[in-house]
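Here's a quick briefing to read alongside the structure. Have the viewer open and follow along.

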Amino acid sequence: MLLNEVKAKQMLKEAGIRVTDTRFAASRSEAIATSKKLGFPAALKILSPDVVHKSDSGGVKLNLKTSKQVGNAYDEIMASISRAFPDAKITGVSVQRMASPGVEVIIGVSRDEQFGPFLMFGLGGIMVEVLKDVSFRIIPISEFDAAEMIKEIKGFKLLTGFRGQPAVDLSALEQMLFQVSRFVEANPQVRELDLNPVFAYPDGAVAVDARVVKEDSRDTQIEKKKKEGPSGSLDFFFNPESIAIIGASNNPNSPGFGFTTQLLEYGFKGKIYPVNSKESEVLGIKAYPRLEDVPGNVDFVICCIALKHVPALLDTSVKKGVRGVHIFSARGSETGLAESKALEAEILERARDYGIRLIGPNCMGIYCPGAGISFSYDFPKGKGNVGAMVQSGGSSTDIVKYGGLYGLKFSEVISYGNALDVNEMDLLSYLAEDPETSIIVAFIEGLRGNGKEFLELVRKTAMKKPLIICKVGKSRAGARSTMSHTASLAGSSQLWDIAIRQAGGISVRDIDDLIHMAVGFNFLKPVRGRRIGTGGSGGGRNTVSVDEWEYHGFEVVPLPQEIREEFKRRGAQLWYCLDNPADRSISVPGDPFTVGALLKEMSKHPDFDIICADIAAEDHPYHRETFVNWIVNNLDDYIRLYKESEKPFFMIFRTRPLGVAELDHWFWRDVSKMRSRLIEEGVPFFPGVDKAAEVLNAMIDYYERRESKS
Ligand code: ADP
Ligand code: MG
């Protein structure tokens, strides 16, 4: 139901939102009388449920200075409306006083299927219509969000006193955005809202037009709630006392072989019970024909048999005190077949009745090096502090392996597939509380839980630890492929990034970016500024880097004279040439100036926020000894600097993909050794400035937002 301008403004006014005083007039004479009462000049507008854009069809008359003009305007409005919409139902007209001119902005509200109502802000006129220069936030917004929404639009300058125009009252606009958000929160029946335009003044702001669409009935809100899984920690998945593998096997090509081998290989300390109807031993340990034959209770079951046997397996599991089952088996709802969906529904119902939690179906399950559980034969055995929840199985392997190439190690990785029971909400809650996990990465194909509750959980989690999310299937084709993959309905695309960022999370495009972000948050000290001290290559490469840094909004500040003087004191030959970026090619063996020494001075100086050693593997116009003594050994300085620097420090380490022939060449071997040293020492590095800049910008944003909330 569309509320007309008068009713909409009434409702907004009651919520404390400033609108022009607007009255209803049913006739020509009432319009004249009301305009006299409100004062001239007046504005008259058509009120009709059938006319949404009033001025387009001659339904708005402005600047009416006398009663006579008001009377004429009334006649003209009625005439044009009956021409344009002969069947329109006409309620009457609205009468208001002309507001003094201001900068026109727009505030709007619409609804997203996944995240509910969201707010839009933009500049009026062509800025919105042609340039689509708008910003969005999910409702409710904070005051911090309100300020950001305004600053974020490209036309922001027009609000700050451009070309002699007075600056507008930004805090009044922030206030209005905030109030609209509160209004929508308090009135869930509001589906859409438009304040178009709002006049912004040097002092205050007022909405001169308003449109509100309300839900007719209230009962759409009531959703059928699924029976929830038992709440409480999922610790038994990560620290079980005993594990039974259903379908354990001596056949190296079977998954049951893999899961059993890994428990042995990774040193699982609890009891291992292979279950196989035909074998009396699997991998040298006693096997049992059925789960019920296992002595005593079992904590955790890994199920590798066909999905159709799972309901019966659950019947036995409950008798054995099983708390969690990982269903590796696929061919569930991801097939799209009705019978598979029905089977999943039956499995879920039984699990809920028995109080058993399920991971999967159609997933790799758990890698928890600390507990000696792994789903892959060549994951690292050492534990780290990155927690990963990954809906896809293959991507979980990518994250562990590619992440390892940048030094990331994991507390636990959960590949959770179709998320029939344990879903993103459960896993995120677990990782948020897990003391072993200090940053979280998530790869999500589709949300299983409620979008708003997910955002709330992101918000709470991000206050505690960085949370990096890669949501795939945001594009149309992507949505189809996730649909068939893990039976996910990908959520709405546009708003996802905004919603995650607003909640304090970091939204990334792909697995590589997810890894770079994780490297930044895992290894760097909090980044709070964009003044960078850098160096490590020769002139040309350094200059390319500087250009890139500036392009990404960073400032390569000039080297302070006192640092030059310091190197003069130390006896550096070319002390007067030293600069930021530090030029490796002017260093001379034995000289007190080295790139590391200069970066170290920068790291102690208040002019710098971040320090970067930027080296390229290809940089070797020397014979082997010089390369090793000079360039490879510079690495020691950088590693030391990383450990000692008060400022966030990282490296750009430029290498190239290698073929096997290159692996035999001394140079590439030395370069690869350099990389391995960085990984071993836990020094963060990125493949180029663009990636590093993206990460640093996200970090600055994250810490700013987090601190604004605390
Ligand atoms: P619609 O958007 O339905 O065409 P509006 O009520 O927004 O109708 O009116 C059209 C334009 O008229 C507005 O964009 C604004 O520039 C101007 N206008 C409307 N009401 C007033 C007012 N009270 N004071 C000054 N200008 C107004
Ligand atoms: Mg309007």
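What follows covers the overall build, the ligand site, the salt bridges and a surface patch.

This is a predicted model, where local features need pLDDT of at least 70, side-chain atom pairs count only at pLDDT 80 or more, and totals for chains, interfaces and linings use all residues. Residues are numbered from 1 along each chain as its sequence is written, chains are lettered from A and ligands numbered from 1 in the order written, and side-chain values use heavy atoms, with hydrogens and water left out.

**Overall build**
- The chain has 23 helices and 29 strands, taken as DSSP runs numbered from the N terminus (helices H or I, at least four residues; strands E, at least two).
- Its C-alpha trace spans about 100 × 80 × 40 Å along the principal axes.
- Of the 710 residues, 55% count as buried (under 20% relative accessible area; exposed is over 50%, partly exposed in between; 1.4 Å probe, protein chains only).

**Around ligand 1**
- Ligand 1 is surrounded by 17 residues, the closest being K45, K54, S55, A99 and E104 (a residue is near if one of its heavy atoms lies within 4 Å).
- A backbone N or O atom of A99 sits 2.8 Å from a nitrogen atom of ligand 1.
- The side chain of D209 has an N or O atom 2.9 Å from an oxygen atom of ligand 1.
- On its own, ligand 1 has 540 Å² of accessible area, and the protein covers 85% of that (Shrake-Rupley method, 1.4 Å probe).
- Strand β9 gives the largest share of the shell, three residues.

**Salt bridges**
- The structure holds 49 of them, each a side-chain nitrogen of Lys or Arg within 4 Å of a carboxyl oxygen of Asp or Glu.
- K45 pairs with E5, with the closest N and O atoms 3.0 Å apart; this links strand β3 to helix α1, 40 residues apart.
- K45 is buried at 6% relative accessible area, and E5 is buried at 3%.
- R352 and D421 meet at 2.5 Å, N to O, with R352 in helix α10 and D421 in the loop between β21 and α12.
- A salt-bridge network links R137, D145, E148, E152, R501, D701 and R705.

**Surface patch**
- L658, V660 and L663 make a nonpolar patch of about 260 Å² (residues with over 30% relative accessible area and no salt bridge; nonpolar side chains joined within 5 Å, like charges within 9 Å).
- V660 lies in helix α21 and counts as exposed at 68% relative accessibility.

Definitions and conventions. A polar contact is a pair of N or O atoms within 3.5 Å; within protein, one must be able to donate a hydrogen and the other to accept it, and residues adjacent in sequence count only if both atoms are side-chain atoms.
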